[in-house]
Amino acid sequence: MLSCKTGSGSLIKTVVEILRNTMTEVPMRIDRNGLTIRTMDEQQSTMVDMVLRADKFEKFNYEPFAKAKPGPNGPHVTFEINLSLLYNALTSVKKKGSVGFEFMERPPLPAPQVPTLAVTTRNKSDEVHNRTLIQVTLIEIDVHTHLPMGYVNHMNAKSDLFTGFKNLTKLSHSVLVRISRNSILLRTDAGEIAHGDTTEDAVYEEVFASSALGKIVKIKSLDPNFQVHTGPDLPIKICSSIGTLGEFSIYIKSTRVMETELAELADAEYEEED
């Protein structure tokens, strides 16, 4: 059984909103160290890696379940959850609202006797709390999604860089991302947003689909700062703290990387046919 609570409900809500803009369902893993999500979208263009640390919750009680499986962090359970249902359960949370999660293999009657995540929310102004039961699906065999390796360039930036960026992506199909040692430039047909001295020589320059980058503008609500990591033929990696709760990273493939991977896949399929 899991029972946990945090006063940083609005941050949880923001993370789920970012995930919902990218994916429909995600696998959530529970163990003694906290809650983790690591998965890719259906198009294999975007990966997320999120950790909510147990010791950063106001309350985190975890007892291994009957179906828990062994792992490096002790027994764990992984289940798949629908992000729209989870976000709907969090919509009422305000800036200083609290969120609690309770995972049950079999909730008390009269609820259906299936694995369930109970989501409890409460704002300071509320006299009562809201509680939503979400049916989830246990994952019997964990699929290990490996993180990209080999990043060579790293820089820090202010999260307010994304202010107004969503409006630009609505007016353009693509975004040029140009990064130097101390600057980042986001350029579309409708305009550009920059941080730092953009006259420096670029160490990274790639074009992305606006629909891919436009989904992450909410990252500015997680922390005042974020980090960008780049490397040859790798997805761009954008990282942010989730307040003091944990870390959130999103990996997005550029148009060129996607086209290269699709061409390689087509070549491999052609060779198999021969």
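## Four-stranded sheet

Four strands, in the order S14-S13-S12-S15, make up an open sheet with antiparallel pairing; strands here are DSSP runs of E with at least two residues, numbered from the N terminus, and two of them pair if DSSP finds at least two bridges between them. The edges are formed by strand S14 (191–195) and strand S15 (204–209), each of which pairs on one side only. On average, neighbouring strands of this sheet are turned by 15 degrees against each other, direction ignored; the axes are lines fitted to C-alpha atoms, and angles run from 0 to 180 degrees between N-to-C directions.

Six bridges link strand S12 (residues 174–179) to S15 in the antiparallel sense. Within S15, Val-207 stands opposite Leu-176.

## Basis of the model

This is a predicted model, in which local features need pLDDT of at least 70 and side-chain atom pairs count only at pLDDT 80 or more, whereas totals for chains, interfaces and linings use all residues. Residues are numbered from 1 along each chain as its sequence is written, and side-chain values use heavy atoms, with hydrogens and water left out.

Strand S2 (residues 25–31) runs antiparallel to strand S3 (residues 34–40), and three bridges join them. The hairpin between S2 and S3 passes through two residues. Arg-29 has Thr-36 of S3 opposite it.

S3 also pairs with strand S4 (residues 46–53), antiparallel and over seven bridges. Leu-52 in S4 is the bridge partner of Leu-35. Five residues lie between the strands in the hairpin of S3 and S4, where Gln-44 takes a positive phi near 60 degrees.

## Nonpolar core

The largest nonpolar core has 68 residues, of which Phe-103 and Phe-248 touch the most other members. Such a core is a set of buried Ala, Val, Leu, Ile, Met, Phe, Trp, Tyr and Cys residues joined through side-chain atoms within 4.5 Å, buried meaning under 20% relative accessible area with a 1.4 Å probe and protein chains only. Helix H1 (residues 9–20) supplies the largest share of this core, six residues; helices are DSSP runs of H or I with at least four residues.

Leaving aside residues up to four places away in sequence, the contacts of Phe-103 (heavy atoms within 4.5 Å) include Met-1, Ile-30, Phe-65 and Leu-138.

## Overall composition

The protein has five helices and 18 strands. Of its 274 residues, 50% count as buried. Among contacts between residues at least 6 apart in sequence, 63% join residues at least 24 apart.
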